[in-house]
Structure formats: C-alpha cells, structure tokens
Amino acid sequence: MGKEEVFDYYYGTEAEQFLFFRIPRVLIQDPRFKQVSTDAKLLYGLMLDRMSLSMKNGWLDEENRVYIIYTLENIMEDLNCGKDKGVKILAELDTVKGIGLIERKKRGLG
C-alpha cells in the first residue's frame, strides 16, 4: 500500500469551510426507524440535499410536491456500492417494500 496520509486537526472556525449533509434526528432516535440501515439513512440525507436544488429548479409534480431525480447509477456512485445493494437501500426507504419515506417513479425505460 502507498504512503499513509496524515490528517490534521481543525482549528478555530476551519470546520465551517465544509458543506454538510443533514440527516433528520428522528431517523436516528425514533424507534420506528431502528430497523432502517445507516446506509438508507445516509441515502435519505443525500436525497434531502438534492431536494433543495429541485426546489430552486421548480421541479414540482401535479400535486405541488417537490421531486428529485436520483438514478440508481448516481446512488451507486455516491454510496460506492453495487447495483444489488443500491436497489436494496432504495427499497428500505420506499412506500412499496420499505418504511415509506420516499415514493419512487420510473422514468423512461429504467
């Protein structure tokens, strides 16, 4: 393996230079979500981040709900996982097989 990288501490307000993803506290603390994996909770946080961009773009459905476009390929890349795991994580969150935090719609051929 290559040379080990050494990471320094953050001093003063240096930590404020970073952007952060937000995960709702309820996903961590509420017993209803204990069976949801940490990967699914992270994915939900990534989806919430994308939602703010969708709002800026005016992406609203016929019921005036904000929607996001987040392909399985994007999820696989962001979570560094394969297709099977990406599908499994999405299923944990959806209304059909999962906890009901997201509603999935297919677009086009996929």
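How are α2 and α4 oriented to each other? The legends below begin with this pair of helices, in a predicted model.

**View 1. Crossing of α2 and α4.** The axes of the two helices, α2 and α4, cross at roughly 80° and come within 9 Å. Because angles of 65 to 115 degrees count as roughly perpendicular, α2 and α4 are roughly perpendicular to each other. From α2, the contact is made by D39, A40, L43, Y44 and M47; from α4, it is made by K85, I89, L90, E92 and L93. By class, the residues of this contact of α2 with α4 are seven nonpolar and three charged, with no polar residue.

**View 2. Buried residues of α4.** G86, I89, L90, A91, E92 and L93 of α4 are buried. The buried residues of this helix, α4, pack against α2 and α3. Among the buried residues are I89, L90, E92 and L93, which also take part in the contact of α4 with α2.

**View 3. Lining of the largest pocket.** The largest pocket holds about 1200 Å³ of space. Its lining is made up of 27 residues, and those closest to the centre of the pocket are I68, Y70, E103, R104 and K105. Sorted by class, the lining of the largest pocket comprises 15 nonpolar, 10 charged and two polar residues.

**View 4. Helices at the largest pocket.** Three helices, α2 (38–57), α3 (72–79) and α4 (83–93), each contribute at least two residues to the lining of the largest pocket. The most is given by α2, which supplies four residues of this lining.

**View 5. N64, in the loop between α2 and α3.** N64 is not a glycine, yet has a positive phi of about 65°. The relative accessibility of N64 is 58%. Because exposed means over 50%, N64 counts as exposed.

**View 6. N80, in the loop between α3 and α4.** N80 likewise has a positive phi, of about 50°, although it is not a glycine. With a relative accessible area of 71%, N80 is exposed.

How values were computed
Residues numbered from 1 in each chain as written. Predicted model: local features only at pLDDT ≥ 70, side-chain atom pairs only at ≥ 80, totals over all residues. Heavy atoms only, no water. 1 Å grid on protein atoms, 1.4 Å probe; cavity = no way out; pocket = protein on both sides within 12 Å on 5 of 7 lines; lining within 4 Å. Points joined across faces, edges and corners; volume = space filled by probe spheres on them. Nonpolar A, V, L, I, M, F, W, Y, C, P; charged D, E, K, R; others polar. Axes fitted to C-alpha atoms, helices over the stretch in contact; angles between N-to-C directions. Parallel < 35°, antiparallel > 145°, perpendicular 65-115°, else oblique. Contact = heavy atoms within 4.5 Å. Buried < 20%, exposed > 50% of the residue type's maximum accessible area, 1.4 Å probe, protein only.
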